[in-house]
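Please keep the sequence and the model at hand while reading.

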Amino acid sequence: MSIVTVQLGQCGNQIGQEVFSALCSDIRGTHGLCSKKENGSYQDSCKERFFCEEESAVPVARAVLVDMEPKVISQTLSMAARSGHWKYSSHSHFCQKQGSGNNWANGYSVHGPRHKEAIMNLVQKEAEKCDRLGGFFTIMSMAGGTGSGLGAFVTQCLRDAFPTSFILNHVVWPYGTGEVIVQNYNSVLTLSHLYHSSDALLVHENDVIHKICAQLMNIKQISFRDVNQVIAHQLGSVFQPTHTAGGGSGYSRNPLGELMESLVPHPEFRMLGLRNIPQMPESSLPYSTFSWPGLIKHLRQMLIANAQMEEGIDWQVRPPSSIPSTNKPLHFNTSIANLVILRGKDVHGVDLGSFQDPSLYTSWLNPQDAFNAWKTPRAFNKYEKSAALVSNSQFLLKPLDSIVGKAWNMFASKAYLHQYAKFGIQEEDFLDCFTTLEQVISSYTNL
Amino acid sequence: MTQSVVVQVGQCGNQVGCRFWDLALREHAAVNKKGIYDEALSSFFRNVDTRSGNNGPDIYKGKICSLKARALLIDMEEGVVNEILQGPLKDVFDSKQLITDVSGSGNNWAVGHKIYGCQYRENIVEKLRKTAEHCDCLQCFFIIHSMGGGTGSGLGTFVLNLLEEEFPEVYRFVTSVYPSGEDDVITSPYNSVLAMKELNEHADCVLPIENESLLEIVNKIHQMINSGKLGSTVKQNSLVTSSAGSAKTLQEKPFDAMNNIVANLLLNLTSSARFEGSLNMDLNEISMNLVPFPRLHYLVSSLTPLYTLADVNVPSRRLDQMFSDAFSRDHQLIQADPKHSLYLACALLVRGNVQVSDLRRNIERLTDCPHAVLIYPFTKSQSASSPFYRNRLKPSLHFVSWNQEGWKTGLCSVPPVGHSHSLLALANNTCVKPTFIELKDRFMKLYKKKAHLHHYLQIDGMEQSCFSEAVSSLSDLIEEYNELDATKCGPRIDPSRLKIAI
């Protein structure tokens with residue numbers, strides 16, 4: 001089954017290019033430590049999922065590139081082509097000249113309707129190229145104007161045009177201390193709208209990835225390219241083919257569907273966080289050895305203690321005892337559902353019992369339904385063993401609360417509202433969005 | 001990619017404008033080695049096929065034939081414009097872009113605005129339309145003028161009005177040179193205040209410039225070069241005041257150094273719209289992020305570095321120095337004190353080999369608050385809508401309570417000529433208030449005595465009410481800044497959040 005990726009805005013396009021690059025380099029990489037047959041199966045599955053083979057023999061990414069100004073798309077297209085190993089189709093992009101000016105209302109109310117037909121035509125074409133459409137993966141930031149506003153509009157259009165397809169939105173959260181002054185407004189507007197049309201939101205926070213670059217990857221002068229490459233690696237570790245419970249003996253043919261099924265049992269809870277272990281500079285890989293018990297132990301503690309990476313984990317945090325009490329211990333991250341993805345040597349013997357501990361979860365689902373595991377013996381991106389965790393839990397509660405708080409603070413002073421009103425977004429629209437998100441915050445807090 | 005048009009009005013406007021076009025050509029020549037007409041060039045220049053004369057068709061792709069500035073040159077005296085047309089830049093402008101007259105405006109805003117405005121209105125509109133037609137996607141008009149005289153001030157603001165009427169969707173950025181206290185034009189306070197009303201109502205963004213600041217920068221550079229203190233030599237073309245490497249090098253005039261600074265301001269402002277980078281900042285984003293309320297659109301600008309030393313590899317400490325400099329008064333283009341006033345918003349446009357980690361490190365340093373302490377209710381019993389707290393160390397820059405992290409950042413990969421990197425800081429800060437108060441005081445000094453008033457009132461269309469409305473508009477603006485300043489010292493109380501029924 002194939003996934004069509006929609007890259008929106010500067011961030012979406014820059015990340016998208018790194019993702020396809022990472023996927024391609026992974027499948028071209030050396031054996032992956034598994035049998036030739038396994039490797040062949042993996043490569044075929046990845047290619048079917050993300051690339052289209054055309055007569056040119058260089059795989060063509062199944063992607064639609066959208067931006068309201070031309071510089072980024074032209075850079076993205078040329079970087080892909082320069083790699084020589086994959087490229088974008090020359091007819092899959094849409095751009096305009098003027099950008100959205102960091103104005104969500106401009107992206108949503110002006111650019112959206114104006115360019116709906118052209119954009120949806122491109123999406124339709126990509127969808128038709130798929131033998132079986134597995135769903136849509138959109139990449140966007142929520143701080144700016146195009147990714148956020150136009151992205152929210154396009155997601156709605158996707159939902160209307162493909163009512164039975166899965167839609168996963170990858171949303172990048174900006175640095176807390178400003179990239180864009182009105183980023184909190186744009187974020188509130190985006191998240192509340194996506195909540196109504198998307199199936200799930202998979203979130204990356206710039207602050208977190210920045211820390212990973214600084215502390216784990218040892219990069220001195222961190223560029224956006226570095227940040228995007230870490231994000232691409234994490235996404236690759238989720239979306240490269242795996243064997244799932246529902247997939248039978250071959251690689252899963254419905255990754256998005258199975259993701260939603262495992263992680264989103266209730267429409268009120270759609271925010272997914274992502275953690276990946278281990279993460280280190282490529283130069284250190286030959287000198288490192290990993291053990292599955294070690295990796296699993298760390299990953300579980302990262303989940304419980306809401307740690308952002310494998311350093312600085314608070315080992316004091318423990319799940320609540322079995323004696324029922326009304327207060328969950330402070331700082332304990334309650335989960336609704338978790339998905340662990342294991343890749344590499346000796347996966348099949350790994351003990352994941354610690355993730356099935358009922359005390360990690362709310363009481364709604366049976367523990368065996370709340371936890372799922374996907375595996376493949378084929379190693380990913382040169383890591384002999386790697387584990388990813390996609391979690392529907394309180395991971396994003398604090399950051400979400402922070403964004404809503406700052407946005408509300410600004411809203412109370414009415415600053416910048418005239419800029420949104422110019423394009424048709426009024427105070428009442430803001431209030432509706434705040435209400436939606438306060439509801440989400442409340443729901444996640446009371447798990 | 002979008003295009004911008006520069007409208008230069010009056011003596012000052014045209015002199016600054018001239019420097020802008022010269023340095024713009026120099027910048028593009030440094031970046032564009034192949035001589036191909038690309039999108040970056042098209043933002044300010046047309047490519048015209050002049051083989052059959054000056055009226056040839058535009059060429060949109062391919063080799064550069066003849067570059068023509070997207071500009072309108074307006075002056076009610078001929079001296080400055082004629083000089084431009086006889087100088088090395090004569091081929092950059094075509095005669096259809098000029099509007100001149102002979103007798104000047106006599107330092108009288110009313111003459112510029114009412115008499116010449118009326119007389120040349122149709123001519124101006126027609127020429128504006130022509131320049132707009134040559135643009136694929138016109139995004140912004142840049143007006144350059146001075147406030148103290150008659151043409152730049154009066155006719156310049158008349159054009160501003162026209163632009164709003166005829167091209168309401170296009171942004172209007174105005175670079176205004178404000179008169180100093182010792183200005184030799186006695187009526188400059190009248191001209192400035194009358195012009196301010198127009199700027200309040202019709203401009204999207206105003207970049208006020210004061211000659212004193214420009215002069216101080218020029219002197220500082222002189223001193224630095226002549227003191228011989230620096231071991232290494234300074235790269236000549238890196239001086240923010242220099243015309244080195246441009247077409248005009250051999251004929252530097254006294255105001256050129258100061259005007260080059262303003263020209264560099266405009267080049268840096270538009271760099272991220274013209275060139276690529278990892279975090280683009282377009283002109284419409286500047287207006288969106290820096291203008292929280294429609295009339296508070298006056299931005300304090302500062303440029304660094306003022307020069308680059310040759311043969312010096314730049315360690316990151318030097319980079320950090322650049323950020324500190326941007327917030328020192330030596331680098332500002334107006335005489336104001338933002339550090340002791342309130343920031344409403346601040347934009348940092350960085351050019352060159354600077355990455356996001358450098359940016360983050362410096363923003364943290366400037367706000368002096370690396371570890372904010374936030375307390376979140378996390379137990380079941382409390383609702384999630386309690387206010388969140390921040391424990392701040394004494395910050396060095398004061399931001400308004402509803403915009404504590406009010407930073408807008410942009411990273412453009414292409415550095416300016418002669419530098420490996422540069423920074424333009426644009427601040428919306430209440431420190432412009434004293435400047436406006438002073439202006440108002442100088443105005444009232446004259447107005448109370450009705451000094452020189454008859455020169456204005458005898459002009460058709462001018463009445464006493466024009467003056468009272470203008471000063472009232474200025475007072476209202478000052479009052480808006482006052483209200484914001486008042487919030488600076490009070491206790492920080494965040495408004496309570498919406499409560500959700502569980």
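## Chain B as a whole

A residue is called buried when its relative accessible area is under 20%, exposed when that area is over 50%, and partly exposed in between, with a 1.4 Å probe and protein chains only. By this criterion, buried residues make up 61% of the 502 residues in chain B. The model is a predicted one, in which local features need pLDDT of at least 70 and side-chain atom pairs count only at pLDDT 80 or more, whereas totals for chains, interfaces and linings use all residues. Side-chain values use heavy atoms, with hydrogens and water left out, residues are numbered from 1 along each chain as its sequence is written, and chains are lettered from A and ligands numbered from 1 in the order in which they are written.

Chain B contains 14 helices and twelve strands, taken as DSSP runs (H or I, at least four residues, for helices; E, at least two, for strands) and numbered from the N terminus. Of the contacts (heavy atoms within 4.5 Å) in chain B between residues at least 6 apart in sequence, 81% join residues at least 24 apart. The chain exposes about 20000 Å², and carbon and sulfur atoms supply 51% of that area, as computed by the Shrake-Rupley method with a 1.4 Å probe.

## The interface with chain A

The size of an interface is often given as the accessible area lost when the parts come together. Between chain B and chain A about 5400 Å² is buried, 55% of it from carbon and sulfur atoms; this area is what the two parts lose on being put together (1.4 Å probe), summed over both. In residues, 62 of chain B are in contact with 61 of chain A.

Four salt bridges are counted between the two chains, each being a side-chain nitrogen of Lys or Arg within 4 Å of a carboxyl oxygen of Asp or Glu. The side chains of A:Asp401 and B:Arg497 meet in a salt bridge, at 2.8 Å from N to O.

## Two single residues

B:Asn268 lies in helix H8 of chain B, residues 256-274, and is buried, with a relative accessible area of 8%. Beyond its neighbours within four places in sequence, B:Asn268 is in contact with residues including B:Leu303, B:Arg351 and B:Pro416.

A:Gln368, by contrast, is exposed at 56% relative accessible area and sits in helix H11 of chain A, residues 367-370. Its C-alpha atom is separated by 8.9 Å from that of A:Pro358, ten residues apart along the chain.
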